[in-house]
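Subject: Structure handover

Hello,

Here is the structure I said I would pass on.

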Amino acid sequence: MDEFDPVAGVAEDLGDGIRRILAPNPSPMTFRGTNTYLLGARDVAVIDPGPLDQTHLGAILAALGPGQRVSHIFVTHSHLDHSPLAPVLAEKTGAKVHAFGPSRAGRSAVMQALSKAGLSDGGEGVDPDFRPDVTLGDGDIVAADSWSLTAHWTPGHLGNHLCFASADVVFSGDLVMGWASSLVAPPDGDLTDFMASCHRLRALNAKVLHAGHGAPITDPAVRIDWLIAHREAREAAILDALQAGPATVTALTGKIYTDTPQALLPAAERNVLAHLIDLFGKKIVTPGGPLTSHAVFALTDSA
């Protein structure tokens, strides 16, 4: 992945009628930056316009050739590195924004309850004002002169996350990336949903995944299998730590993430919490009281 270092703002041809423009927003959470994709020959679909950045807006518009126009805008999910430029691009081009729904759409019942109980956002930066012009349901198809996209609802990283399939090419957003495992931070992220979405994406048998960050994934099944195994290993580590007795999220994180820099421990704690919520749903662990981020968790008698 270190070899993936494209120049921000330059439209690169990826084949299959797809071009990629890297946004100038590198960070520990976004790798080199957000990938914006252009699909089509005349009517151009823009997938994940990216952060609110005028330079990136100019790069998208400058990539349009003679006779081309932005006809559709698609957003995989409404984190601040993916969606804020969408309404600005829509105003410039007249294209409508297509997505699953607002930022809180698609939240599972358990995550809604945790949010109402006071669990704050996980810190990834949700776009609070995001509202698509067109809401897409699971399996909806949108087509233009040279392309067709099928929306697949794949919650987990965020409740309103969609993957978009163009034949055997899939734009996987932040569900599956090659450079890192996707962060799942309650109450916006739900690990139970995430695992189900990974299995669903694998069943699409894509030949390549174009992710929200990083290089194209040319071996999707191998990568998805690794991500599932990675999560299963993390679950096993949590269960092993609980064999010593009940523990809080913070205590479990300290035992498991021994080499993690201090600055990244809050994100690691949200990951552990996501696993504990999933394990609670499977009746493998039990909180000592209400299900909250401060609860003391223990193995159930049957675990």
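Predicted model: local features only at pLDDT ≥ 70, side-chain atom pairs only at ≥ 80, totals over all residues.

The largest pocket holds about 600 Å³ of space. Its lining is made up of 26 residues, and Pro28, Met29, Trp179, Ser181 and Leu183 are the closest of these to the pocket centre. By residue class, the lining of the largest pocket splits into 11 nonpolar, 11 polar and four charged residues. Two helices, helix 5 (220-242) and helix 7 (265-281), each contribute at least two residues to that lining. Helix 7 contributes the most, with three residues.

The second largest pocket has a volume of about 170 Å³. Its lining consists of Leu119, Ser120, Thr248, Val249, Thr250, Glu269, Arg270, Leu273, Ser293 and His294. Helix 6 (249-256) and helix 7 are the elements that supply two or more of these residues. Helix 7 again gives the most, with three residues in the lining of the second largest pocket. If you set up a view of the two pockets, helix 7 is an element to display, as it lines the largest pocket and the second largest pocket.

Salt bridges

How many salt bridges does a search of the whole structure find? The count is 11.

Glu12 pairs with Arg20, and the closest N and O atoms are 3.5 Å apart. The two partners fall into separate accessibility classes: Glu12 is partly exposed at 28% relative accessible area, whereas Arg20 is buried at 5%. Arg20 counts as buried because its value is under the 20% limit.

Lys207 forms a salt bridge with Asp16, with 3.4 Å between the closest N and O atoms. Lys207 sits in the loop between helix 4 (191-203) and strand 12 (208-211), and Asp16 in the loop between strand 1 (12-15) and strand 2 (18-22), so this pair ties together parts of the chain that are 191 residues apart in sequence. Lys207 is partly exposed, with a relative accessible area of 41%, and Asp16 is also partly exposed, at 47%.

Arg104 and Asp188 meet through their side chains in a salt bridge of 2.8 Å, N to O. This pair too links distant parts of the chain, 84 residues apart: Arg104 is in the loop between strand 6 (96-99) and helix 3 (109-116), and Asp188 is in the loop between strand 11 (169-173) and helix 4. Arg104 is partly exposed at 40% relative accessibility, while Asp188 is buried at 7%. Both residues belong to a salt-bridge network that also takes in Arg107.

A residue in helix 7

Is Asp278 buried or exposed? Asp278, which is placed in helix 7, is buried, with a relative accessibility of 8%. Leaving aside residues up to four places away in sequence, Asp278 touches Leu191, Thr192 and Glu235.

Regards

Note on methods
Residues numbered from 1 in each chain as written. Heavy atoms only, no water. 1 Å grid on protein atoms, 1.4 Å probe; cavity = no way out; pocket = protein on both sides within 12 Å on 5 of 7 lines; lining within 4 Å. Points joined across faces, edges and corners; volume = space filled by probe spheres on them. Helix = DSSP H or I, 4+ residues; strand = E, 2+ residues; numbered from the N terminus. Nonpolar A, V, L, I, M, F, W, Y, C, P; charged D, E, K, R; others polar. Salt bridge = Lys/Arg side-chain N within 4 Å of Asp/Glu carboxyl O. Buried < 20%, exposed > 50% of the residue type's maximum accessible area, 1.4 Å probe, protein only. Contact = heavy atoms within 4.5 Å.
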